[in-house]
Amino acid sequence: MSTFLKIVLVEPSLILRSGMSYVLRRLTTFDVQVVETGEPEQLEELIAEAAPDVLIINPSLTDEEMLRELQQKSLRLIAFQSVLADARLMQRFDAVVSIYDTAEQIKEKLRSVCNSRDGEASQELLSAREKEIIVGVVKGLTNKQIAERLFISAHTVITHRRNIAAKLQIHSPAGLTIYAIVNKLVELNDVKNTIYSNEEQ
């Protein structure tokens, strides 16, 4: 079964960006959704809207402060390198993809990045926003209530829930509740009332 992966791709060159996007969308093992832009000014907005798992970006568009801020968002960072770049800056990325890499090499680097962190692989593929959505669901909040708390639209909440279901293969609030407790996204006491109310219905 393919692993769902949402990627934001930032590269000013249309040719390079289109080529990388083409390769990413056709990778086996991963079910990749790519959101791309040539405008680095759009990055913050794209991350907020798309809640990606991975950011692939031309390193010349970044600096150390920017990368530190991105890492705090629980993003996996991959440099898309077409020219020589500052070695110290490159060390801040989780991986480096070159324009000379084959599709198989890119796939292996993505797999390595996705599996490099401790903990359950499925949980690590969740973005910080998706984890917030799960917490809201298991606490019994409606899509509208979750949207109001996170300052996003109800439609965006629904999209996140679909992505969560695809990643975890969990399609019910009860299943998400068990997942959230086991993976310490919530404490049992936080959801006891929700569990009891569900049992009474």
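Is Arg 17 buried or exposed? In this predicted model, Arg 17 counts as buried, because its relative accessibility is 12% and the limit for a buried residue is under 20%.

1. Salt bridge between Arg 17 and Glu 36. Arg 17 pairs with Glu 36 in a salt bridge whose closest N and O atoms are 3.3 Å apart. Since Arg 17 belongs to helix α1 and Glu 36 to strand β2, the pair ties together parts that are 19 residues apart in sequence. Glu 36, with 30% relative accessibility, counts as partly exposed.

2. Over the whole structure, a search finds eight salt bridges.

3. Largest nonpolar core. This core has 20 residues, of which Leu 5, Ile 7, Leu 24, Ile 56, Ile 78 and Leu 110 touch the most other members. At least two residues of the core come from each of β1 (3-10), α1 (14-25), β2 (30-37), β3 (54-57), β4 (76-81), β5 (95-98) and α5 (103-115). Helix α5 supplies the largest share, four residues.

4. Surroundings of Ile 7. When residues up to four places away in sequence are not counted, Ile 7 touches Leu 24, Val 32, Gln 33, Val 34, Val 35, Pro 52, Val 54, Ile 56 and Leu 110. Apart from the core described above lies another, of 19 residues, which includes Leu 126, Leu 150, Leu 176 and Tyr 179.

5. Helix α7. In this helix (residues 128-138), the buried residues are Glu 130, Ile 133, Ile 134, Val 135, Gly 136, Val 137 and Val 138. Arg 129 and Glu 132 form a salt bridge, with 2.7 Å between the closest N and O atoms. These two residues are three apart in helix α7, so about one helical turn separates them. Arg 129 is partly exposed, with a relative accessible area of 24%, and Glu 132 is likewise partly exposed, with 38%. Just after α7, Gly 140 adopts a positive phi of about 85°.

Notes
Residues are numbered from 1 along each chain as its sequence is written. This is a predicted model: local features need pLDDT of at least 70, side-chain atom pairs count only at pLDDT 80 or more; totals for chains, interfaces and linings use all residues. Side-chain values use heavy atoms; hydrogens and water are left out. Buried means under 20% relative accessible area, exposed over 50%, partly exposed in between (1.4 Å probe, protein chains only). A nonpolar core is a set of buried Ala, Val, Leu, Ile, Met, Phe, Trp, Tyr and Cys residues joined through side-chain atoms within 4.5 Å. Contact means heavy atoms within 4.5 Å. A salt bridge is a side-chain nitrogen of Lys or Arg within 4 Å of a carboxyl oxygen of Asp or Glu.
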